[in-house]
Structure formats: C-alpha cells, structure tokens
Amino acid sequence: MTSRDHFVLTKAFHSSGDVIADRRAGYARMLAEGGDHAAAADLMTQALEITPDWAAGWDLLGLYCEKAGDVSGAISAWRHLEALDDNGVFGAGLKLAAHGAGIASDGTAVSYVEALFDQYAPQFERALVDRLGYRVPEMLDDMVQAEMTRLGIESFARALDLGCGTGLMGEKLRAKAAYLEGIDISAAMIAETARKGIYDSLQKTELVATLNGRRADADLVTAADVFIYCGALQPVLAALVPALQPGGLVAFSLEAHDGPEPLFLRPSLRYAHGIDATRDALVLAGLEILRFETAVLRFDRGAPITGMLIVVRKPPLELNAANDGQSDGGDVAA
C-alpha cells in the first residue's frame with residue numbers, strides 16, 4: 001500500500017456538516033490534487049475555523065501539511081485529531097508515533113486498520129497487484145509447495161488464512177487444503193472475497209483474539225502482509241503456536257529493516273521488523289525455521305519495499321510427550 005491509503009480513508013468522512021467549510025475543503029482537495037499542498041493546508045485551516053470539531057478535517061489538514069513539508073503543522077493537526085477521534089479510526093496515534101511525536105502501540109490499531117481496509121476493498125486488487133507489483137501470495141505459495149515436497153506433505157486438512165483480504169492468498173491455497181478458512185478485520189474485504197467462493201468459511205474478526213480462542217486444529221496458517229499492521233511479533237506468535245497442530249506450518253511475510261530495533265513504525269503506518277530480531281522471536285516461540293528469505297514485496301511510490309518471506313513449523317513432537325512414555329523400569333522415551 002502507498003501513502004494514498006490515507007486519502008482513501010478520509011474520503012468517506014469528508015462532510016463537515018457546514019456548506020461553507022465543505023466548499024473550502026473541496027477547493028483544498030483540488031489544490032492538493034494539483035500538487036499545491038501548502039495552499040490546500042491554508043484552506044483547510046480556514047475550514048476548521050468554522051468547524052473545529054470536524055475530525056476528518058484535521059486528518060486532511062495533517063496530510064496536506066505533511067505533503068507540504070510542514071511536519072510541525074501536521075503534528076499539531078494530528079494532536080487535534082487524536083483528541084476528537086475517541087475510537088482511533090483515523091490512526092492519529094500511529095501518525096504521531098511515525099513522526100516521533102508519540103509512542104507506537106505494541107498491537108494492532110484495530111479501528112484504524114478496519115476503517116482503512118473497508119475503504120480500500122473495492123480497489124484493493126487493482127491497486128496492489130496492477131500498480132504496485134505485489135507478488136507475496138505467489139512467493140509464499142512457492143515456498144509452501146517446496147516444503148510440502150521436501151516433507152512429503154500431499155495436502156493440508158485445515159488451513160487458516162489470516163487477513164485473507166480479497167482472497168489472493170486463498171486462491172493459491174485452495175487446491176492444497178481440504179478445508180480452508182479465511183479471517184479478516186474488514187467486513188468489506190470479507191464481502192469482496194465471499195463473491196469468489198474460495199473459502200469454506202469466512203469470519204470477520206481480529207486475528208489474535210481468534211487465535212486465542214482456537215484449539216490446535218490448523219496444519220497450515222498463512223499471513224500475507226498481515227503482521228506488518230500488528231506491531232510486536234511476540235503476542236501474535238504466542239496466540240498462533242497453540243492454534244497449530246504439531247508439525248503444522250506457518251507462512252508469512254514482513255517488511256524488513258537492517259537496524260538493531262526489533263521493529264519501528266514507518267510513515268506508511270506499517271511496521272518494519274528487524275531481521276535478526278525476527279529470527280530470535282521465532283526461536284523463542286518454539287518454531288522451527290524452514291525457510292527465511294528476503295525479497296522485494298512491492299513498490300511504494302516507485303521505491304522497492306524489501307521484506308522477509310518465512311516458513312516455520314511447530315515441532316512435530318511436543319516436548320512434554322517425551323515424558324509420557326515412562327516404562328515400569330523407569331526408562332524415558334527419547
């Protein structure tokens with residue numbers, strides 16, 4: 001996704017309820033589309049003098065200031081927005097954190113991500129695949145197929161596609177799984193993929209909550225460009241591992257950075273994870289790393305976004321099973 005996502009989100013909340021303010025906001029949008037973001041910010045400031053409680057107006061002002069290079073103005077606008085947006089739909093906290101004016105949450109900004117993808121759903125595939133060169137589902141599928149061949153796996157009994165979106169990953173998995181589930185935080189995304197008839201079941205829900213409520217029944221879990229919105233990996237992995245059958249595979253992608261930090265929040269409002277920290281988190285979660293590759297995931301404003309493509313496995317034999325085979329002579333099964 002690109003910085004246009006922010007604009008997609010705010011369009012749906014564009015009316016202030018005041019005709020004059022809306023007219024000025026409309027002129028501001030025209031100026032912004034023409035590249036004059038400073039003038040657009042001036043007009044949005046005038047509109048907000050009329051309607052100071054208009055949350056979407058402050059969001060637009062922050063965007064125009066940011067585009068004009070006025071970071072302090074953008075931060076001021078987002079602070080106003082944060083005070084008005086109790087549910088966090090506009091992601092003011094994320095925007096402040098991404099610009100060093102706040103602290104990023106360790107978890108998913110649920111309301112923001114849900115609203116973003118609800119707005120993005122109708123144009124999701126066209127934007128991501130056609131314009132941004134997105135190939136993560138194909139690359140993950142190739143890695144899963146290679147491991148199936150290596151491990152002698154013919155198919156999966158129950159596969160779970162986290163953040164299924166419009167079914168790009170599910171299309172690749174369908175022939176591999178007897179039963180295929182999709183979950184997504186966005187109702188609009190679920191509606192888009194339901195039309196395709198890919199999944200045996202679809203559920204609108206937040207992924208960590210769903211995983212925490214499952215028994216160990218999945219033998220394949222996928223997450224294509226999903227954890228980049230979740231923040232810290234540890235809570236996700238802590239919920240994911242118990243939902244896997246012993247020997248179950250997980251295939252997922254992350255945006256990558258080479259610094260020492262486990263993760264940081266980019267201006268795109270997506271998290272980038274450290275390569276070494278990611279390896280450590282997987283090992284600590286008790287997962288066996290089968291494949292760990294870096295590759296270009298997509299392009300953002302013409303620049304390649306490098307990420308990690310990972311396949312891991314829950315150990316086929318639970319550690320505590322070794323203590324269940326004690327014989328009368330006191331021997332312990334190896």
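At 11% relative accessibility, D225 counts as buried, a term that denotes a relative accessible area under 20%, with exposed standing for over 50% and partly exposed for the values in between (1.4 Å probe, protein chains only). The model is a predicted one, in which local features need pLDDT of at least 70 and side-chain atom pairs count only at pLDDT 80 or more, whereas totals for chains, interfaces and linings use all residues. Residues are numbered from 1 along each chain as its sequence is written, and side-chain values use heavy atoms, with hydrogens and water left out.

D225 is placed in the loop between β4 and α13, where its phi is near 55°, a positive value in a residue other than glycine. A second case is L269, which has a positive phi of about 70° although it is not a glycine. L269 is found in the loop between β6 and β7 and is buried, with a relative accessible area of 7%. Although P267 and A98 are 169 residues apart in sequence, they are 5.2 Å apart in space, C-alpha to C-alpha.

Across the protein there are 14 helices and nine strands, these being DSSP runs numbered from the N terminus (H or I and at least four residues for helices, E and at least two for strands). Of its 334 residues, 49% count as buried. Among contacts between residues at least 6 apart in sequence, 62% join residues at least 24 apart, a contact being defined by heavy atoms within 4.5 Å.

Helix α3 (residues 37–50) and helix α4 (residues 55–67) pack at an angle of about 155°, with their axes 8 Å apart; axes are lines fitted to C-alpha atoms, for helices over the stretch in contact, and angles run from 0 to 180 degrees between N-to-C directions. This angle makes α3 roughly antiparallel to α4, under a scheme in which angles under 35 degrees count as roughly parallel, over 145 as roughly antiparallel, 65 to 115 as roughly perpendicular and the rest as oblique. On the α3 side the contact is made by H37, A40, A41, M44, T45 and L48, and on the α4 side by G57, W58, L60, L61, Y64, C65 and K67. These residues divide into nine nonpolar, three polar and one charged, where Ala, Val, Leu, Ile, Met, Phe, Trp, Tyr, Cys and Pro count as nonpolar, Asp, Glu, Lys and Arg as charged, and the others, Gly among them, as polar.

Helix α2 (residues 19–33) packs with α3 at an angle of about 170°, with the axes 8 Å apart, which makes α2 roughly antiparallel to α3. Here I20, A21, R24, A25, Y27, A28, L31 and A32 in α2 meet H37, A39, A40, L43, M44, Q46, A47 and I50 in α3, and the residues of this contact divide into 13 nonpolar, two polar and one charged.

Two aromatic pairs were counted, on the rule that rings of Phe, Tyr and Trp (its six-membered ring) pair if their centres lie within 6.5 Å, with planes under 30 degrees apart taken as stacked, over 60 as edge-to-face and the rest as tilted. F117 and Y229 form an edge-to-face pair, 5.4 Å centre to centre with 85° between the planes. Because F117 lies in helix α7 (residues 110–120) and Y229 in the loop between β4 (218–223) and α13 (233–240), this pair ties together parts that are 112 residues apart in sequence. F117 is buried at a relative accessible area of 11%, and Y229 is buried at 8%. The pair of F227 and F252 is tilted, 5.3 Å centre to centre with 50° between the planes. F227 lies in the loop between β4 and α13 and F252 in strand β5 (residues 244–257), so the pair ties together parts that are 25 residues apart in sequence. F227 counts as buried at 0% relative accessibility, and F252 is buried with a relative accessible area of 1%.
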